Every structure is written in structure tokens, then in C-alpha cells.
Amino acid sequence: MSETIVPVYNSGKIEKKWQQKWADDKIFEANIDPNKPKHYALTMLPYPSGNLHIGHWYAITPSDAHARYMRMRGYNVMFPMGFDAFGLPAENAAIKHNIHPSKWTFDNIDHMRDQLKSMGAMFDWRREIISAKPEYYRWTEWFFLQLYKNNLAYRKFSPVDWCPTCNTTLAREQVWGDDRHCERCGTPVIKKDLNQWYFRTTKYAEELLDFSEMDWPERVQTLQTNWIGKSEGASVTFLSEDGDPLEVFTTRPDTLWGATFMVIAPEHPLVSKLTTPDHIAEVAAYVEQAKRQSDIQREAADREKTGVFSGSYAINPVNQAKIPIWIADYVLMGYGTGAIMAVPAHDERDFAFARKFNLKVIVVVQPENMELLDGDTMTQSVPAHGTLVNSDLMTGTPGDKAFDRVVSWLEEKGIGHRTVNYRLRDWLISRQRYWGAPIPMIYCPNCGVVPVPEKDLPVLLPEDVEWKPTGESPLKLHPTWKKVTCPCCGADAERETDTMDTFMCSSWYHLGYLSPYFNTWPFDQKEYDYWMPVDIYTGGIEHATMHLIYTRFFHKAGRDMGIMKGKEPMLMLRNQGSVLGEDNEKMSKSRGNVVDPDKLVAQYGADTVRAYLMFFARWELGAPWNSSGIEGSSRWIRRVWSLFLEPADRQNCANEDTLRIMRRKLHQTLKAVTRDLENFQFNTVISGLMELLNELMKAKQNGAFGSKEWNEAANIYLRMMAPVTPHISEEIWSLLGYPYSIHNQLWPEVDEEAAKEEEITLVIQINGKVRDRITVPADISDEDAKTIALATEQIHSAVQNKEIKKIIVVPKKLINIVL
RNA sequence: GCCGAAGUGGCGGAACUGGCAGACGCGCACGACUCAAAAUCGUGUACCAUUGGUAUGUGGGUUCAAUUCCCACCUUCGGCACCA
């Protein structure tokens, strides 16, 4: 037999070659095409930390595969990539290694862009954005000004969370966990009183709870819903004896008659006014001590209640009862009004407080299935709803009607009204750092707070900066940068030296991709109208209550300002899990369990790495890395290579059965792979292709190679592989003589007729246990199936002499004989 | 404490709508090729025992039939937490 020369699979050579060719031919450049349906596929952009890690690959590869699949479905697909380039690590590098953040960042980007290119993803690099470039952050500043002009940005002096390691304030969303630590570095935060800029996210609290127009994971919706923390109740105003109004929020207006005291937070503005002379010393000491306590200590729910009496009394507007006003730190200034009515009989916290300080407990709610409650003897509060008692004209109101009836009455009498409270806070966006977008504001001694005129944007970061070991922002220390003349009156004025939270940059980057070249508006309207909204957004779940809330807020605010359109920026969201180290721990340099994608690409090729990342775990869950597991994907790739390229000993001589079964498996696989790609179930996409490969190998042994059915199988197989392993698919496609490029082909069509099973295995059970299997024609009638089943030897002997109670036939699946 | 997700072989995982549990892959074992090894190819691989039985975190329930539905509980992970 003559030796045919079979090309050797060389991943490195093939991948470089095609990446270059695709770039030269611009085949993945996304341009407006009104004749095609558009598809905007977006994946969260990386921070240029220096190296692409396996987690980036894990997140991006399946997103790319899905985008490629959509492209083959005939969509005009945009899949852009960029860099979230402002942020603290650049500054830390500056302090530690004396390298300018800009150089550090842009060097890293150059390296990471090359790494990203090695993935062979279909990024349209013309659309790249880098949030630290002036062309980009000019518009970040511009958005700030629009928010300011629309009263959605404001400045406030108040206690804020400060990370002592990062040397900056943080938004509420960036403070995590029981010990209230910094989301970025893990250091517990402390409180500082500072003048800071905020965005009015709370204005959109209600609208942010509406997910009806989005296909987002239930999990993210729950996280956001809990974060926004809506509670419905009533607002009621009590008056002090001196006539000072004390507004309280309560979710239980039905318990108003049981209020036996009031509590105000130590930071409440009326504390000193309400404190009577004989209580001054005690109150002052308490307030001072509350101030010194950290939030962690204060907010521990199981902590013993503390508090002091102010000496003053308030009048309960529903029954004119005179009740004492206490000051206690279990009431938080940051929620509601910082004052509560205390109903110890029906609230756990109020009860604990009342018992400790011997305050009255009055029962006003009697749940139906409980013994008669007595305020003097009860040992715990009863928060359950029930019939109102001791409540004047409301007495006797059933539990399920109490809320509405009382609130209506309050509104009628003008004492209170229905209110909704949210846990969500406004977004604190000031950061005391250099490497961020400057807040474009000026402080003038005459005019006060003045926005930088839009024509003067961007406010550029100064290049010549120095870092002090104290970590203080170089913008503050810069000799000239902050000095400016007031745009209103021309007086000497000062710039704001804080920069913006980098989440501000990432709140609108999906718009930056639309037209990075554009310089008269943040985006080209034509591009916006064609591409927006984002159709599929992929990324990590860790952003559920940060980036994903901010970007929704940003869109809604932008819409109300007439800049953006539609209800939501991203219609569909899918989250990937994370890849752990082989030791089942989080990957980190210190643990030494980091997997380097560059090395894997060098060893196996990008296609193998892509395939393995899609195969080895359920995408949304993630799993620990397994370095021998990747061998399986490598084998698969090499088998595909030899399957289609190595000639067979026997060619084009297969019998009809072989060919029919091969085609059946082919089209069944196509059906399954299509379904799984649609559903982001990438692991079964690969396993389906592996199964089909095994089937094709058998068919090849049986002489199928070279037949027209074989050629169909190769053609479809390669097109199915193309989104997953773009390089090898293109290479084999071209070696088999198909026209360039496989990536411009349409997704194959299922031949339903070929996919049909003509024979099926019918399972025969007795009392639910498998006793036999028979092969029957797929279109067999239930009656015939029953007859054949009962006639088999196994079943016949088992059924002998016994009474058949019932026979259940599941068409095409099984027969269960109940004895 | 409250809310959410997940528990299937040695491992990652599969099972579309209640219908053969363990697809596919890793690992392991054996065999072929080889002087030998690697690679490759082939065969086998949940557990226990002899026909058969037992298995999807645990215990119940519904059903002819449950990884799938219901109830209770356990474990792990994530979020929230003195939020009135």
C-alpha cells in the first residue's frame, strides 16, 4: 500500500496562521447591516492586572462560542473586548515599584491583548475601549455632569466607610461580610466623616425591582431584590411634649396602640434638644460611647441592648398616650428616620429593651390560636399577626385586615400615611485616589460648587505625580493641578481632587464599544439604535449587587435624561462559576495552585484549552482544575484530526445499515448540540461531539470513509465544532477542500427524517423493576407492544400463575406489568 | 435568625416533560503494537453477593414508576442581618 502523507496536527502553527488570516480579512468586524438581525454579545471586560488567568478563559471562551454560534445562525454579531483600566493596583504598583500607573496599565494591556488574541475569539478589536484613555474618560466625566444637572448627583457630608489599606472611601456595596471588610483588599473598614459625591440610586429603587423584561438568573434577581430591601409600612408623626415632630417608619401600623416608648438613634438631630437638663451627663456619655463603637460591634444582633432615657416624652397620636423617649444604638440613623415607636409586646428587639429597662408592655394583637397574652407576664414578644385588642376603635379588627384598616384611618385623620422604605443607599462615588476619572467639579469661594463646562472636558489627570508613603492622593498634593479659575466669575478656585469609583467607568462601557472613535457624543446614535440593547451579557455573579445594579441604574437615569432608550441595558444575563485550583482552593500565587493558560496553549493549543474549559464542568457552577483531564480534550481534538484526514483501509464500501446509523447519530447529535448551545450547556455540547466521534470511528472502520454520507458527516461535524474550536475546524475544513471560511458558513440544518429511530428498545418492567428488554419497530402500537412483552420468556415465566393487576404502557419507552 | 443555590461511582459530570441511573471524559486494570517505554488502538470498570439484591445527602410521603414532585431534617457554599 502506498503511503499517503497526512499532515501532522500542529496547534501552534495552525492557530497563528488562521488568527492572522481572520484579522487580515476582517471577518469578525461587526458593521451595521440593516438586512440582518443584530446580536450584541457582551462579556465582562477584564481589569488589566498583567496576566490573563484561566478564569478569564473560562468566562470568555463559552461566551465566544455562543456568539460564534449566533453568527452561524445568521445574526450580525458584535462581540467586543476592552479593559477596565482605572483602579488601585496600578497605583499600588506605582508606590511599590516606582512606575507610573499609566505605563503599568498600558504595558499590561499590550500584553493581555496578545494573550486574548491567542484564544482565537471573534473580538472586533476596532471597537476596543480602555477606560483610562482620555477619549473614554472624557465621557465618564460628561455622564457625571449630566447626572449632576439632573439632580441625580449630589454632595453630602456624613459618616462614610473608609478602607485604611486602600486609603479611600467605599460605596455600601463594596463593604462585605460580617466584619464589614473592603471588597477589594479584605481590610475591615472604619467610619470617617467626609464630604462625598453620591448618585441617587435610591430614586430608582422601585424600578430596579422590576425584572419583567429581562431574562436574568433567578439568583441574581434575588440578590438584587434583597439588596434593595423593600419594606412596606406607614409613616407616623409623633410629637414631643414641646411640639417637636418625630417621624417614625413602621411596618406594623396595626400595633400603634401598643407603643409604650420611642427610641431615637444616638446620631439623631433632636437628641440634644430632647435631652432634659437632669439627663445631659448620661446622654452625652452614651452618645460619645456610641460614636466610638464600630459598626460591627453596634450591629451585632445578639448583643445586649443598651440605651439611656432622654427625660422627654412624646404623645402617641392615635391615643394621646404619653410615652418616654429613649436613646439607643439599636436604632440606626441610616435607615428610615432614625427614630422608632417601640412596641415591645410585638417586636423582639423592643421587648428585650423594655424588659431590661422595666418599660411597659401592652398587648394589642391577639393571634387566634394562642392563649391570651399578658404584657406583664409574657416572656417573649409575639410578632405574629392577629385580632387587634386594646386598640380603641380598632379593637376587634381581624389580623388580615388590620394593616389596611389602620393605615386608611391614619390617612383620614392626617396622622400618618402609607410609605415604602428601601434598604438601598445612594451610591457613594468619590474615591480619594489618583488613577480614576476626575470628578469634573470646581469649588469657588464666590460661586460655591461649579461644574466644569462641557467644552473643557476632559479634566485630564496630571502626568507628573508623586506618591507619599502615607498613601494620600497625589492629586491633593500636586502643586498646580487643582488650581483653576472659576468658570463663572473668574476667581481663583479649586478643583475637586477626588476621582470616580471605577464602577462608574464600567456602568456605560457597553456604549463605549458602539463607537470608540466618536467625539461629539458618548456614542454614535446610529450605532446605538442598531446594536442596543445588549442581547446576552456574561460574567461573574460577584457583581450582582455592584456593577449589575450600577449599570441598570445608569441606564435608567440615562433614559430619563433622554440619552439612552428602553427599560434595560442588558436583556439576558448568564453567570459562569469559577475555576478552583487542583487542591479545590481558590487559585492564588501564595497557594501555588495557579493554572497558567499561556503554558497550556503552548502545550496543547488554544482549541484544546477552549474545549476542555467548556467540557470539564457545568459552566454556571465551575469546578476544581484537573490537569490530567485536559488530556481527554486533547485526545478528542487529535482524534478528530485523524478521523477526517487519515485515509481508511477500506473506503466507500460500507453497507446501508452502517451509513443509515451513522447519519442517524449525526442528526441526533446536531439536534442535541443545537439545543445545548442555545441553553449555555457547553459541557454536553462537547460530550455530544465526542459521542458522535466514537460513532464515526466505527463507521470508518466499516468502510464509510469516502462515501457521500461520510462527507456530509464531516461537513456537519466541522461546522458544529467551529464555535468551540475555531482553528482546527477551519484547518480541516480547508484541507478537505471546502471554501474559506468555515466561520462564514451557516449552522447546519437537522434532517428530522434521518434522526428518527426506526427501532427502539422497549424496557419491560414487573412492579417497576426491569425484567427484560425487547427491540421493536418505533411505530409499534401499544397493543402489539403489550402482546410481545408478555410473550417473552423472562416475562412469561415471571408472570406465570399470577394475576396481572394492571399494565402500563409508556409509548416508545417501557411497559410496566403490575402484579 | 432570614433568603438563595448545591449534595449522583475513585474524580469532573450526564439523565430533554415522572419512565432503563451513571452518557461523555479523567483515573484505574488488562490486552494489542514495541527489544522496551511513551504515544496510539482495543476491552473492562457503581456497590454487594451464587440466581439476585442495593444504590442519586438522611428519613418519610405521593405514584404502577421518583435523581426528577411534596414534607421534615443534615451538610456545604453564597447573600443579608438590631433595617423598625
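# Reading a predicted fold

Student: Does R180 count as buried or exposed?
Tutor: The model is predicted, and in it R180 has a relative accessibility of 7%. Buried means under 20%, so R180 counts as buried.

Student: Where does R180 lie, and what is its phi?
Tutor: R180 sits in the loop that links β5 (175-176) to β6 (181-182). Its phi is near 50 degrees, which is a positive value in a residue other than glycine.

Student: Which loop holds F680, and what is the phi of F680?
Tutor: F680 is in the loop between α21 (656-678) and α22. Its phi is near 60 degrees, again positive in a residue other than glycine. With a relative accessible area of 5%, F680 is buried.

Student: How should I read a sheet?
Tutor: Strands of a sheet pair through backbone hydrogen bonds, and the pairing is either parallel or antiparallel. Here four strands make an open sheet, in the order β4-β3-β7-β17, with antiparallel pairing. At the edges are β4 (168-170) and β17 (427-428), each of which pairs on one side only.

Student: How many bridges join β3 to β4?
Tutor: Three bridges join β3 (residues 153-163) to β4. To find the place in the model, look for C163, which stands opposite T168 in β4.

Student: Which helix lies across β3 and β7?
Tutor: Helix α5 (residues 134-149) does, and it runs at about 85 degrees to β7 (190-199).

Student: How are two packed helices described?
Tutor: By the angle between their axes and the distance between the axes. Take α19 (residues 606-615) and α22 (residues 682-701): their axes come within 7 Å and cross at roughly 115 degrees. From α19, the residues A611, M614 and F615 meet F682, N683, I686, S687 and M690 of α22. The residues of this contact divide into six nonpolar, two polar and no charged.

Student: How many residues of helix α24 are buried?
Tutor: Helix α24 (residues 726-735) has eight of its ten residues buried. Among them are P726, E730, E731 and W733. The buried residues of α24 pack against α1 (11-24), α2 (54-72), α19, α20 (630-645) and α23 (708-721). Just after the helix, G737 takes a positive phi of about 90 degrees.

Student: How many residues are in the largest nonpolar core?
Tutor: The largest nonpolar core has 184 residues, and those with the most contacts inside it are F144, L147, W625, W636, F644 and Y717. Domain 1 (139-219 + 436-471 + 482-503) and domain 3 (597-755) both give residues to this core, so it lies between them. A second, separate core has 54 residues, including M262, V318, A328 and L359.

Student: Which residues does F644 touch?
Tutor: Leaving out residues up to four places away in sequence, F644 touches L696, F705, W710, A714, Y717, L718, I732 and L736. One of these, I732, is a buried residue of α24.

Terms used:
Residues are numbered from 1 along each chain as its sequence is written. Chains are lettered from A and ligands numbered from 1 in the order in which they are written. This is a predicted model: local features need pLDDT of at least 70, side-chain atom pairs count only at pLDDT 80 or more; totals for chains, interfaces and linings use all residues. Side-chain values use heavy atoms; hydrogens and water are left out. A nonpolar core is a set of buried Ala, Val, Leu, Ile, Met, Phe, Trp, Tyr and Cys residues joined through side-chain atoms within 4.5 Å. Buried means under 20% relative accessible area, exposed over 50%, partly exposed in between (1.4 Å probe, protein chains only). Domain bounds come from an automatic or database domain assignment. Contact means heavy atoms within 4.5 Å. Two strands pair if DSSP finds at least two bridges between them. Helices (H or I, at least four residues) and strands (E, at least two) are DSSP runs, numbered from the N terminus. Axes are lines fitted to C-alpha atoms, for helices over the stretch in contact, and angles run from 0 to 180 degrees between N-to-C directions. Ala, Val, Leu, Ile, Met, Phe, Trp, Tyr, Cys and Pro count as nonpolar, Asp, Glu, Lys and Arg as charged, and the others, Gly among them, as polar.
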